[in-house]
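I opened the model to look up its pocket lining and its helix packing. My notes follow.

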Amino acid sequence: MNVTIYTDGAARGNPGPGGYGAVLEYIDTKGQLHVKELSAGYRKTTNNRMELMGVIAALEALNRPCDVTLYSDSKYVVDAFNQHWVDSWIRKGWKRGRNEPVKNVDLWQRLLKAKAPHQVRFVWVKGHDGHPQNERCDQLATTAADGSNLLEDKIEG
């Protein structure tokens, strides 16, 4: 099954709230379009962690192996896979350069586990330029960032 995922993360200062948003779209075997929105707000966190958590939540929501195209406005997350940074970090024992530790190793490891059963293509969408897919995720992440509770998942279509 082909799945399109759009993610975004937002940090609203420290110790202000932050959150992530993810939208999954797929067409089932009957030709019906389905949209699943995931969103959560967190406090005392960073934007990079939110970006990673959005990707993780989206991939973990898939209950079977899929062919995934994942759009993110986080160049960091997209480049980590497209430029094989993660592979290099693993080879170096989760170090970036000379003994400089990689941040958020717990989330990178969880992301690798969530990604494993799927074929995932990471695509960078420049943020805040009016791109409709990016604007949609920006709105979702802002909703999450302004609260601290898990928002109800919606399934439509």
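I sorted the lining of the largest pocket by class: 8 nonpolar, 3 polar and 3 charged residues. Ala, Val, Leu, Ile, Met, Phe, Trp, Tyr, Cys and Pro count as nonpolar, Asp, Glu, Lys and Arg as charged, and the others, Gly among them, as polar. The model is predicted: local features need pLDDT of at least 70, side-chain atom pairs count only at pLDDT 80 or more, and totals for chains, interfaces and linings use all residues. Numbering starts from 1 along each chain as its sequence is written, and side-chain values use heavy atoms, without hydrogens and water.

I then took the volume of this pocket, about 200 Å³. Of its 14 lining residues, Met1, Tyr26, Ala61, Leu62 and Asn63 are the closest to the centre. S3 gives the largest share of the lining, 3 residues. (A pocket is an open set of points on a 1 Å grid over the protein atoms alone, where a 1.4 Å probe fits, with protein on both sides within 12 Å along at least five of seven lines; lining residues have an atom within 4 Å of a point. Strands are DSSP E runs of at least two residues, helices H or I runs of at least four, numbered from the N terminus.)

Next, H2. The buried ones are Tyr76, Val77, Val78, Asp79, Ala80 and Phe81. Just after H2, His84 takes a positive phi of about 60°.

Last, H4. Its buried residues are Leu107, Trp108, Leu111 and Ala114. They pack against H1, H2 and H3, with contact meaning heavy atoms within 4.5 Å.

Definitions and conventions
Grid points are joined across faces, edges and corners, and a volume is the space filled by probe spheres set on the points. Buried means under 20% relative accessible area, exposed over 50%, partly exposed in between (1.4 Å probe, protein chains only).
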